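Hi,

Here's the structure I promised to pass on. Have a look at it first, and then read my notes below.

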Amino acid sequence: MDSTRYEAMLQVAMEEARYSLAEGGIPIGAALFTEAGELLSRGHNRRVQQGDPSIHAETDAFRRAGRRRSYRKCIMVTTLAPCWYCSGLVRQFHIGTVVVGQSRTFPGGIEWLRENGVTVIDLDSAPCREPIETYIAQHPDVWNEDIGEE
């Protein structure tokens, strides 16, 4: 699959990140696609909005996809490198590919995913980086809570 297709998928996740920010939440979005590029679901970080620490963008998109026999040929697209919690979800359900908008702000578990056979494509997108960097500067306490830091 070429990078143009991944960029188009990333646009869905970026729209979700904007929804989260508009709701007062952390601007991280995700979407789950089939290998053929069919959108299965989309979601965004809702931790702040719903007071639920488990609703990260990736878990929101995953839950909204519903039950599937297998996720091996699915592509998880996320605006920010998945944290350890979301990386664990990718490994648990054998999601084969993760497209990351950017990992400069937060590297998450992408090296661990690669070491465990997951294809990780980091698009290093400035439009993904800018909103989260601004959010972190304005709300460091909420950000640290999101990534499990004191």
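Predicted model: local features only at pLDDT ≥ 70, side-chain atom pairs only at ≥ 80, totals over all residues.

Let's begin with His56. You'll find His56 in the loop that runs between helix H2 (47-50) and helix H3 (57-65). Is His56 buried or exposed? Its relative accessibility is 6%, and buried means under 20%, so His56 counts as buried. Leaving out residues up to four places away in sequence, His56 touches His44, Asn45, Arg47, Cys83, Tyr85, Cys86 and Asp146.

Next up is helix H4, residues 84-92. Cys86, Ser87, Leu89 and Val90 are buried there. Looking down the axis of H4, those buried residues fall within an arc of 155°, so they line one face of the helix. Trp84 and Gln92, on the other side of H4, are exposed. What do the buried residues of H4 pack against? They pack against H3, strand E3 (74-78), strand E4 (97-100) and helix H5 (110-115). After H4 comes His94, which has a positive phi, near 55°.

Now for the rings. The whole structure holds five aromatic pairs. One of them is Phe62 with Tyr71, a tilted pair at 4.9 Å centre to centre, with 45° between the planes. Phe62 and Tyr71 are both buried, and together with Phe93 they form one aromatic cluster. Finally, check out Arg91: it lies over the face of Trp112, 5.9 Å from the ring centre.

Cheers

Notes:
Residues numbered from 1 in each chain as written. Heavy atoms only, no water. Helix = DSSP H or I, 4+ residues; strand = E, 2+ residues; numbered from the N terminus. Buried < 20%, exposed > 50% of the residue type's maximum accessible area, 1.4 Å probe, protein only. Contact = heavy atoms within 4.5 Å. Phe/Tyr/Trp six-rings, centres within 6.5 Å; stacked < 30°, edge-to-face > 60°. Lys NZ or Arg CZ within 6 Å of the ring centre and 35° of its normal. Arc of directions from axis to C-beta.
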